[in-house]
Amino acid sequence: MKLKIIVTICSAVILGALIGVSVPSNSETTEGVGLSVSAEKDFKSLKKNADLIIHGTLDGDYDIKTQVADAENDVYQIDRVYTAIVNNSFKDSKGNKYKNGDEIKVVYPVGFKQKENGQFKDHFLSLSDEIIPIESGEYMLFLDELNGDFYFSNINHVYKKGKDKRFNNISTESIPEITEGNIVNN
């Protein structure tokens with residue numbers, strides 16, 4: 001799964017740079033480039049492929065992080081960085097042992113922007129057709145660690161707690177709901 005994330009990010013950077021250079025400077029769009037990892041078919045694969053699984057609370061606020069994607073063409077990757085407060089930790093392949101109350105920064109790469117004369121152009125190239133709205137609430141987060149940062153291990157699987165003990169996939173129809181019992185028992 002880590003290889004998929006690395007290939008996806010590298011492909012997105014290269015494609016973003018190429019598209020960013022070729023798009024006229026006076027156009028504005030939020031059309032996605034369509035690069036994504038396919039959704040997991042079953043829960044065991046989803047659980048196996050994540051480095052960290054937590055039940056956490058997010059307030060919906062995020063910071064914007066920019067990082068150079070293509071220095072030659074002045075293209076930057078735009079990320080949203082959310083703070084998750086850990087309620088419970090279910091899997092931690094790195095052995096960090098997160099506990100109730102710990103904070104984890106979760107990075108959600110959303111797209112690319114290019115600078116011209118030191119200023120960002122209005123044009124934004126989204127990594128997907130739709131940016132998933134991460135609002136205030138409790139989430140079951142499947143995360144991967146890459147260079148010290150945590151990313152969604154598969155953006156097709158973002159689970160928000162509903163009115164009962166079920167967490168509903170707010171991203172896709174793939175594995176539409178889970179419970180903490182699914183994680184503990186599988």
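Tutor: Gladly! Let's start with Asp149 and Lys65, whose side chains meet in a salt bridge, 3.2 Å from N to O. A salt bridge here is a side-chain nitrogen of Lys or Arg within 4 Å of a carboxyl oxygen of Asp or Glu. Asp149 sits in strand β6 and Lys65 in strand β1, so the pair ties together parts that are 84 residues apart in sequence. Strands are DSSP runs of E, at least two residues long, and helices are runs of H or I of at least four, numbered from the N terminus.

Before we go on, a word on the model: it is predicted, with local features needing pLDDT of at least 70 and side-chain atom pairs counting only at pLDDT 80 or more, while totals for chains, interfaces and linings use all residues. Residues are numbered from 1 along each chain as its sequence is written, and side-chain values use heavy atoms, leaving out hydrogens and water.

Buried means under 20%, exposed over 50%, and partly exposed in between, using a 1.4 Å probe and protein chains only.

Strand β1 covers residues 52-70 and pairs with strand β2, residues 75-92, in the antiparallel sense over 15 bridges. Two strands pair if DSSP finds at least two bridges between them. One of these links joins Gly56 to its partner Val86 in β2. The two strands form a hairpin with four residues between them, and Asp74 in the turn has a positive phi of about 55°. On from there, β2 pairs with strand β3 (residues 103-116), again in the antiparallel sense, over 11 bridges.

A nonpolar core is a set of buried Ala, Val, Leu, Ile, Met, Phe, Trp, Tyr and Cys residues joined through side-chain atoms within 4.5 Å. Of its 21 residues, Ile104, Ile134, Leu141 and Phe152 touch the most other members. In soluble globular proteins, nonpolar side chains tend to be buried together.

Finally, the structure holds six salt bridges. Another one joins Lys161 to Glu138, with the closest N and O atoms 3.7 Å apart.
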